[in-house]
Amino acid sequence: MTVPVELERHIDEIVTHYPPDKTRAATLWLCHLLQEYFGFLGDEQVLWISNKLGLQPINVWEVVTFYPMFTTKPHGKFHVKVCRTLSCELCGCKNIVAHLRKKLGVGLDENTTDGLFTISTVECLALCGTGPVMMINDETFENLTTEKVDAIIDRIRTTGRLDAQPLPMPLAAHPLEKRVLLSNITKPGYTGSLADYEREGGYTALRKALAMKPDEIVAEVKNSEIRGRGGAGFPCGLKWSFLAKGTGKPVYLVCNADESEPGTFKDRQLISYDPHLLIEGILISCHAVGAKVAYIYIRGEMPGGAKILQKAIEEARAKGYVGNGVEIYVHRGAGAYICGEETGLIESLEGKRAYPRIKPPFPAVVGLFGCPTVVNNVETLANIPHIINKGSTWFKTMGVSGSTGTRLVCVSGPVKRPGYYEFEMGKLTLRQLIFDVCGGLKDGRTLKGVIPGGSSMPVMKADQIDVPLDFESLRKAGTMAGSGGIIVLDDSVDIVGATLNVAQFYAHESCGQCTPCREGTLWMEKMLHRIERGEGRPLDVEMLYEVADNIDGKTICPLGEAAAWPVKAFVTKYREEFEKHGG
Amino acid sequence: MADNTVNLTIDDKAVVAPKGMNLIEAAKLVGIEIPHYCYHPKLCIAGNCRMCLVDVGMPKLGADRKPEIGSDGKMVVMFGPKLVIGCNTTVADGMVVLTKSPKVVKAREGVMEFLLINHPLDCPICDQAGECRLQEFSVDYGKAESRFVEEKVHKPKKTALNAKITLDDERCILCSRCIRFMRDVAGQDCLGFIQRGSHSTLTCYLGNEPKTNYDLNIVDICPVGALTSNDFRFQQRVWFLKQTKSICPNCATGCNTVIWSREDVVYRQTPRDNNDVNQCWMCDYGRINYKFINDPHRLTTPSVKSATLGQRVNLTWPEAIRQVVDKLRAAKRDSLAVIGSARATTEELYLLKKFSPSFAAYIPRVGTGDNFLLNTDRNPNAAGAMLTGFSSDYSVIADGIADGKIKTLIVLGEDAIVPELLAKLELLIVLDILPGKTTEAAHYILPGVTFAEKSGTFINAKNRIQRLNPAIPPLVGTKPEHLILSALLAELGGKRYATIQEVFADMTRDVPALAGLNLSKIGDSGVEVKS
């Protein structure tokens with residue numbers, strides 16, 4: 001096996017992104033690069049990587065087999081990956097898969113005899129508003145129809161190559177929206193370049209912040225009462241203030257861009273259309289917490305986003321924003337929802353299986369490479385320049401007490417206008433969002449239920465949606481704002497099928513580290529498969545609930561709850577539908 | 001020391017525990033077992049099995065910072081919303097821990113059920129049966145019948161992890177003890193999990209199998225039947241085996257062991273906890289090196305080499321003792337030498353030395369050490385030999401035989417002097433367990449027993465005296481060496497020792513380092529002697 005000089009040079013450069021004694025962290029990057037070149041990761045590639053990084057081969061093999069984006073056998077030249085998760089299923093992705101299989105004459109994960117194509121289903125690609133979606137290699141195709149699929153495949157067959165897909169036009173704002181983070185993206189001619197960003201006042205917050213003491217920035221952010229936008233809603237300023245001080249170790253800032261909660265596709269928009277907002281937010285936050293190095297952990301299924309960020313970092317470097325005391329590196333994931341959990345992310349960043357850590361200690365004390373670490377979501381960090389520029393008092397004029405500022409929400413499922421929106425928190429109800437902003441349901445259907453914060457959050461029935469969209473109101477309604485991914489279910493949806501789809505996602509994404517989640521998620525999936533087939537038995541519903549309950553609260557990380565809550569809610573609120581299936 | 005301890009309550013029992021101790025260990029202090037799989041006191045915390053979930057609360061403090069008392073007159077305790085794992089929760093002052101509350105029991109039952117749904121439930125053909133934690137806890141927390149009706153996950157079965165160990169991935173509960181042991185203790189990062197979720201599978205990378213001298217410890221710490229020792233597989237059900245506390249005789253570390261035997265046969269040796277010696281580990285070299293106990297070539301009868309017939313003639317024990325005593329009486333005391341083995345017990349060496357105050361040596365035995373448990377000194381009792389007056393320089397004896405100064409030699413369990421020299425001796429008496437060049441040359445053979453068949457002590461490289469206990473009776477026809485030597489000495493006019501305790505008592509008078517000791521003081525875990 002020969003690795004071209006050029007590629008090895010690139011690899012050697014990547015390795016320098018990590019501390020000299022922590023180069024294991026480069027494992028995922030090396031896997032990506034070698035797979036890109038060789039088409040797969042076999043014995044030779046594994047041994048090459050372990051030699052390069054001074055690891056044992058098992059260390060690399062554990063990683064290769066953990067992340068679904070890595071393959072140990074060659075795929076077809078064009079790997080067609082169709083999202084199978086809930087929002088896309090509601091939009092008919094099963095038809096797309098069936099059509100592709102018929103057209104290409106292969107089963108899932110089989111290569112066509114000409115070696116051109118492989119079809120796989122994958123979990124949520126964070127494009128839920130434009131489903132069904134698929135990726136072919138690194139390119140993304142949205143709003144699929146069978147005709148569109150034919151055209152795409154036929155074109156590849158005739159030309160023998162894959163065309164680069166342009167970014168879609170950003171969505172225009174709805175009158176009820178309050179766009180702060182998304183304020184730039186629809187401005188005429190705005191490209192997200194550094195020049196465009198600066199023309200709109202970009203990087204003035206950084207200059208202002210650099211003149212402030214770190215403590216003053218932390219105080220400002222604390223005072224803004226901004227809560228984390230990743231899913232748990234933990235106050236950001238408080239998180240920063242937990243950082244261990246005087247340890248003599250470096251502090252790291254990690255941007256969590258592993259957006260993978262089904263129904264959520266907001267961070268993708270910020271990265272795609274206004275990357276410098278995120279970069280500026282990171283630079284200010286690094287100054288505030290004393291970090292010299294920041295990593296952006298972007299999910300592997302967003303190769304375009306990784307390139308955009310890389311380009312933005314280079315632009316910022318040319319201007320002296322990056323590289324003068326603060327470095328920012330892009331670190332790509334490889335297809336694991338669990339990397340959205342901050343300690344799973346840290347393990348993954350360190351080049352390991354993304355096994356969430358037991359806490360304590362928390363990352364603020366022992367985080368990345370054993371050092372104090374802050375992990376913040378993309379949207380959270382994108383708020384920081386605005387808070388610094390206009391002040392925390394201004395920030396608090398938006399939203400309601402306990403939920404300050406705006407929030408990006410993503411709507412998917414059978415509504416007339418799915419997509420991403422930005423609202424002041426608590427100023428709009430779920431009903432307004434669905435019926436006024438999104439235009440109500442398609443095709444004269446009626447509403448059956450709504451998942452309000454990504455598929456892990458308990459579903460709400462159609463009569464529960466007169467609730468304002470903010471952290472506390474949703475909590476009081478027995479669910480959570482989560483990641484802002486709102487999935488709408490209409491009266492045509494089979495709840496058992498929807499529950500199965502969600503259960504399948506969490507079983508696939510369970511890292512397998514701790515017992516209840518590892519065993520329980522797959523058990524739930526298997527039971528739901530059986531019930532869906534019509535082979536439900538008396539007491540299955542009770543058993544399903546009990547299995548979910550035996551996972552809930554017993555696991556190392558919140559994936560346990562994420563898997564248990566939706567099942568418990570579906571079973572409780574739509575029990576009759578399960579019984580109809582014989583369950 | 002009040003400063004280093006905390007007071008807490010576990011299931012209504014007051015516990016005083018050292019600061020920093022986890023709840024599993026603290027509960028042990030008051031005899032409460034918190035069930036667990038992944039936790040192991042000598043390995044880093046993994047927290048993955050979730051079996052040790054317990055309910056932990058702290059007293060509610062009033063405005064005066066003192067615990068609030070409820071209407072029932074009891075302290076008000078604020079319990080957390082979630083259960084916590086005992087392995088990763090350290091004791092705190094005032095903490096209240098419930099290990100048997102309905103909430104805890106329900107969680108444990110849930111975990112047990114999860115562990116069993118994909119388990120093959122093949123106990124009748126599983127070698128771990130009888131010492132399987134999964135079996136034990138499912139008796140306490142399992143259901144009689146499984147409500148799991150789906151297809152189980154299938155994984156590789158009966159694969160060779162290496163030449164010593166068989167792996168059954170379907171039985172594995174993914175606790176990662178073996179991974180952590182190989183990486184952190186044995187120093188070979190070679191085991192890992194591949195795939196993910198319910199399909200996670202323990203394995204090693206092909207061509208990079210465990211190859212340390214400590215691999216078999218992962219069989220001991222595997223809480224289930226996933227890792228089994230090829231040496232012991234299908235030999236015996238463990239519940240038929242008798243356990244005897246012993247000491248590994250294969251180097252000067254003196255790892256504390258358990259000998260597992262049934263009737264006259266030893267089936268395995270496993271390590272026994274002793275933080276001052278071997279923690280809870282032992283090396284594979286020592287562990288496997290016990291087969292000589294049941295070697296079919298064992299010497300089983302005293303014999304004499306007949307000068308007239310030119311061949312060996314078997315003797316009864318009384319006859320053998322009588323003849324040897326007669327010969328020894330005739331031999332000149334100053335031409336008599338003894339070679340003792342540093343694999344012999346201190347008591348045997350002490351008695352042997354009485355035959356020859358002038359020439360007494362043992363045979364050093366050196367190998368490669370590893371700075372962990374395996375000592376370069378492969379004798380288990382060189383310290384005992386030196387304390388009882390044996391020199392490590394046995395060339396004096398070889399030279400003495402060569403130049404005719406030494407005419408009589410008693411050899412205890414060694415085979416080191418070349419036959420040409422042995423041929424020059426007027427009288428050669430050998431106590432041993434297996435035939436060799438020395439027994440071949442011997443005028444008298446007196447068959448002794450192995451470490452597994454006798455009482456006595458070894459003194460290790462760190463001057464710790466530790467006890468052997470007989471696991472099996474002496475092989476028919478053999479006698480423990482201290483009894484043979486004692487019988488000879490008695491006939492020669494010395495004291496007759498009936499028991500090992502009597503020998504030990506005399507030894508403590510003659511060997512200052514052992515003053516004040518007796519076998520019960522040494523106990524199961526040994527004591528350090530003055531060097």
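**Exercise 1. Describe the side of chain A that touches chain B.**

Start with the contact: 33 residues come from chain A and 34 residues from chain B. Two residues are in contact if their C-beta atoms, placed from the backbone, lie within 7 Å. Next, find the helices. On chain A's side, α4, α19 (495-509), α20 (515-532) and α21 (540-551) each supply at least two residues. α20(A) gives the most, with 10 residues. Helices (H or I, at least four residues) and strands (E, at least two) are DSSP runs, numbered from the N terminus.

The model is predicted: local features need pLDDT of at least 70, side-chain atom pairs count only at pLDDT 80 or more, and totals for chains, interfaces and linings use all residues. Residues are numbered from 1 along each chain as its sequence is written, while chains are lettered from A and ligands numbered from 1 in the order in which they are written.

**Exercise 2. Work out whether α2(A) is enclosed or open.**

Count first. Nine of its 12 residues are buried, so α2(A) is largely enclosed by the rest of the structure. Buried means 20 or more other C-beta atoms within 10 Å of the residue's own, with C-beta atoms placed from the backbone. A:Trp29 and A:His32 are among the buried residues. Then look for neighbours. The buried residues pack against elements of chain A including α1 (5-15) and β7 (327-332). Just after the helix, A:Gly39 takes a positive phi of about 90°.

**Exercise 3. Trace the pairing of β22(B) and β23(B).**

Take the direction first: the strands pair in the antiparallel sense over four bridges. Pairing requires at least two DSSP bridges between two strands. Now pick a residue. B:Phe458 has B:Gln466 as its bridge partner. Finish at the hairpin, where four residues lie between the strands and B:Asn463 takes a positive phi near 60°.
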